[in-house]
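Subject: Structure for your files

Dear colleague,

Here is the structure I said I would pass on. My notes on it follow below.

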Amino acid sequence: SLTAVGSDAMSEVTSGDDNTGVGAGAGDNITTGTSNTVVGAGGNNLGGNVSNLSTLGADAHTGSGSGANNNTAMGSRALRNVKGANNTAVGYFSGVFNTTSSGFDGNNNTTIGAGAQVPDSTTAGSNQITFWVGASTALFPPASLGGYNALTKFKDGQWLVNASRAIVQTATASAALEINGTWGGFLMPRMTAAQRNAISSP
């Protein structure tokens, strides 16, 4: 089944079931695939054979290439130019790596926050989580910003937490958890001896 509402929505679909496009040009370059839902003008014009996409927002999940399956993009331009699979992005420009049409091939990434960005390389970055709070500008976080920002990343078994003007992108190699901040420190849980002793198998 195919449901299309809007000029050129799902206009090039030749086969596949359970596809829905709402908005001018929504999913207009998808040719084959199943279970795609695209809501927003120009959303998901990756083209080719793609399946199990859920996009909400103008120009969400746009770019070029097939095989970008099982992706979820919520927010204008979220997951823009992404060709990888199993990615989730929430927020304006979330999950974006670059502004070129080539995109990147990262898989299994989750980004939350306007402009939250996962990949550490120029072409791919996989199995990472990023939470970002700060300026909503594309292609960031940069090395430093004028205000206070918060960036939390998980990659290769390491957690990296930033809460400062200077954003550190990569955790120290030997650290399982690294916290960077210029205005405060790390506060351990405070409890009485009785409360501590009551913890099962501390």
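A residue is called buried under 20% relative accessible area, exposed over 50%, and partly exposed in between. By that scale Y92, at 36% relative accessibility, counts as partly exposed, and F93, at 6%, counts as buried. Please keep in mind throughout that this is a predicted model.

Aromatic pairs

Two aromatic pairs turn up when the whole structure is searched. In one of them, the ring centres of Y92 and F93 lie 5.0 Å apart and the planes meet at 80°, so this pair is edge-to-face. In the other, F154 and W159 have ring centres 4.8 Å apart and planes at 45°, so that pair is tilted. F154 is partly exposed, with a relative accessible area of 23%; W159 is also partly exposed, at 34%.

Overall build and confidence

Of the 202 residues, 38% are buried. The accessible surface is about 9,800 Å², with 55% of it belonging to carbon and sulfur atoms. Taking contacts between residues at least 6 apart in sequence, 8% join residues at least 24 apart.

The average pLDDT of the chain is 78, and 76% of the residues score at least 70. Over residues 137-147 the pLDDT stays under 50, and the model has 28 contacts beyond four places in sequence for that stretch. Where pLDDT is low, the predicted coordinates should not be read in detail.

Nonpolar cores

Which residues form the largest nonpolar core? The set has nine members: A9, M10, V13, A26, I30, V38, V50, L53 and A68. As general background, nonpolar side chains tend to be buried together in soluble globular proteins.

G75 sits in the loop between β7 (72-74) and β8 (88-90). Is G75 buried or exposed? With a relative accessible area of 18%, G75 falls under the 20% limit and is therefore buried. Leaving aside neighbours within four places in sequence, G75 is in contact with L56, G57, A60 and G91. The C-alpha atoms of G75 and S94 are 7.5 Å apart, while the two residues are 19 apart in sequence.

S94 also has a partner in T111: their side chains make a polar contact at 2.7 Å. T111 belongs to strand β9 (residues 110-112) and is buried, with a relative accessible area of 3%.

Two asparagines with positive phi

N52 has a phi near 60°, a positive value in a residue other than glycine. N52 lies in the loop between β5 (48-49) and β6 (54-56) and is partly exposed, at 38% relative accessible area. The phi of N86 is likewise positive and near 60°. N86 is placed in the loop between β7 and β8, and at 35% relative accessibility N86 counts as partly exposed.

Regards

Technical notes: Residues are numbered from 1 along each chain as its sequence is written. Side-chain values use heavy atoms; hydrogens and water are left out. Rings of Phe, Tyr and Trp (its six-membered ring) pair if their centres lie within 6.5 Å; planes under 30 degrees apart count as stacked, over 60 as edge-to-face and the rest as tilted. Buried means under 20% relative accessible area, exposed over 50%, partly exposed in between (1.4 Å probe, protein chains only). A nonpolar core is a set of buried Ala, Val, Leu, Ile, Met, Phe, Trp, Tyr and Cys residues joined through side-chain atoms within 4.5 Å. Contact means heavy atoms within 4.5 Å. Accessible areas come from the Shrake-Rupley method with a 1.4 Å probe; for residues, only the protein chains shown count as cover. Helices (H or I, at least four residues) and strands (E, at least two) are DSSP runs, numbered from the N terminus. pLDDT is the predictor's confidence in each residue, from 0 to 100. A polar contact is a pair of N or O atoms within 3.5 Å; within protein, one must be able to donate a hydrogen and the other to accept it, and residues adjacent in sequence count only if both atoms are side-chain atoms.
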